Amino acid sequence: MPDSAPVDIQVESQFLPDQSVPEEQRFAFAYTITIRNTGEEAVRLINRHWIITDGANQVQEVQGEGVIGKQPLIEPGQSFSYTSGAVIETAVGTMEGSYEMISASGRPFIAPIGIFSLARPSALH
């Protein structure tokens, strides 16, 4: 069994009404990710992988290098935060994924990002 990832990942999401057009099935969301290095050596985020699912079970998969154009190096006890966005066709959806990371000593690992909701405030009761 691989070692657990030496990072803690926190997520906050919010609906963006000014970028959404509900009558055209366009619902925009921002999400802010904070990655805290809980290990004893620096770690670098290399790649990202997202699975975005809307309320109609339409799935978008996003893979790519780094986040927001960066491959941040996070020192022990430090954190890195960034905000990005997603657009889906329903008022409610979910995101989950993982980061491919590497430690300063060259050990690659996957840092899972647990499922979180994308929801227009009035969409959930």
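1. On the basis of the work: residues are numbered from 1 along each chain as its sequence is written, and side-chain values use heavy atoms, with hydrogens and water left out. Because the model is predicted, local features need pLDDT of at least 70 and side-chain atom pairs count only at pLDDT 80 or more, while totals for chains, interfaces and linings use all residues.

2. An open sheet is formed by three strands in the order β1-β2-β6, with antiparallel pairing; strands are DSSP runs of E, at least two residues, numbered from the N terminus, and two of them pair if DSSP finds at least two bridges between them. The edge strands, each pairing on one side only, are β1 (7-15) and β6 (79-88). Strand β2 (residues 27-37) is joined to β6 by 10 bridges, and I35 has F80 as its bridge partner in β6.

3. The largest nonpolar core has 27 residues, of which I35, W50, Y99 and M101 touch the most other members. Such a core is a set of buried Ala, Val, Leu, Ile, Met, Phe, Trp, Tyr and Cys residues joined through side-chain atoms within 4.5 Å, where buried means under 20% relative accessible area, exposed over 50% and partly exposed in between (1.4 Å probe, protein chains only).

4. Q25, in the loop between β1 and β2, counts as partly exposed because its relative accessibility is 44%. N57, in the loop between β3 and β4 (59-65), counts as exposed because its relative accessibility is 62%.

Terms used. Helices (H or I, at least four residues) and strands (E, at least two) are DSSP runs, numbered from the N terminus.
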